[in-house]
Structure formats: structure tokens, C-alpha cells
Amino acid sequence: MSEQHQNDDPIIYVMAIQQEAVAQGMLPMWTVYDHPTDIPDKFVARCHVVMNGESGPTNNWITASTLTSLRMMLRMAGLTCLRRSPEDDAKIVETWL
């Protein structure tokens, strides 16, 4: 997958990353983090992919100043929210598919 970070329109960006991942036989998901240590002033949604039973992060993400804004972007990109698991890292808010 191409390496990109948020462009001018994060909704189109998320949709393009989703489309590219699916075309390559991957299951993309966006994990939302509450002010992670590498971007401490923002909420961050990082794209992770699953393929052939293996999963991992990509170099694709979007950011927002508020959780509400980030959720709106992901929802407008056609994604659905899954609640976090109790086993998830404390910085993880939720995951979107």
C-alpha cells in the first residue's frame, strides 16, 4: 500500500486507502487512539490491515483535534465502529471497519 498521511480531504483519503487495501486482498481497519505518544496533541486513526491471517499497522493515518471530528470523518467514509476490547491498550478508543 502507498505510504501517505492525511491529505486535504481525510474522508476521500480514508476511502482511497480502504479501496486500495481491499483490491490487494486485505481487510483494512482504522484504530482510533487518544493522543498517542508520537502525536500527543491529536486523536489519531491509524490504518491496520489483515491479510492471510497476519495483521499489522500501515503508514497511513488521519488526525483530528476532537474525537467527535475523527468519528465523523470515519463515518462519512462509510465505516462502522466497533467498541474496544478490555484487553486493548489504554490509548485505544475504538476500531472502525
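**Strand β1 and its surroundings**

Mentor: Let us take β1. Eight bridges join this strand to β2, and the two run antiparallel. Keep in mind that the model is predicted. β1 also pairs with β5, again in the antiparallel sense, over four bridges. In β5, the bridge partner of W30 is W96.

Next, look at cover. β1 is mostly covered, with six of its eight residues buried. In soluble globular proteins, nonpolar side chains tend to be buried together. Here the largest nonpolar core has 22 residues. V14, W30, V32, A45, I62, L70 and L74 touch the most other members. Six elements deserve a look. α1 (10-23), β1 (27-34), β2 (43-51), β3 (54-64), α2 (67-76) and β5 (92-96) each give two or more residues to this core. α1 gives the most, with five residues.

Take V14 as a way in. Leaving aside its neighbours within four places in sequence, V14 is in contact with W30, I62, L74, A77 and L79. W30, I62 and L74 are also on the list of residues that touch the most other core members.

E94 in strand β5 pairs with R71 in helix α2, and 23 residues separate them, so the pair links distant parts of the chain. The contact is a salt bridge, with the closest N and O atoms 2.8 Å apart. E94 counts as buried because its relative accessibility is 5%, under the 20% cut-off. R71 counts as partly exposed, at 28%.

The structure holds two salt bridges. In the other, the side chains of R46 and D38 meet at 2.5 Å, N to O. R46 counts as buried, at 15% relative accessibility. D38 is exposed, with a relative accessible area of 52%. Side chains of opposite charge can pair when their charged atoms come close.

Last, go to the surface. L27, L82 and L97 form a nonpolar patch there. Together they have about 240 Å² of accessible area. L97 is found in the segment after β5. L97 is partly exposed, because its relative accessible area is 35%.

β1 pairs with β2 and with β5. Most of β1 is buried, and W30 is one of the residues that touch the most other core members.

Note on methods
Residues are numbered from 1 along each chain as its sequence is written. This is a predicted model: local features need pLDDT of at least 70, side-chain atom pairs count only at pLDDT 80 or more; totals for chains, interfaces and linings use all residues. Side-chain values use heavy atoms; hydrogens and water are left out. A nonpolar core is a set of buried Ala, Val, Leu, Ile, Met, Phe, Trp, Tyr and Cys residues joined through side-chain atoms within 4.5 Å. Buried means under 20% relative accessible area, exposed over 50%, partly exposed in between (1.4 Å probe, protein chains only). Contact means heavy atoms within 4.5 Å. Patches are made of residues with over 30% relative accessible area and no salt bridge: like charges are joined within 9 Å, nonpolar side chains (Val, Leu, Ile, Met, Phe, Trp, Tyr) within 5 Å. Accessible areas come from the Shrake-Rupley method with a 1.4 Å probe; for residues, only the protein chains shown count as cover. A salt bridge is a side-chain nitrogen of Lys or Arg within 4 Å of a carboxyl oxygen of Asp or Glu. Two strands pair if DSSP finds at least two bridges between them.
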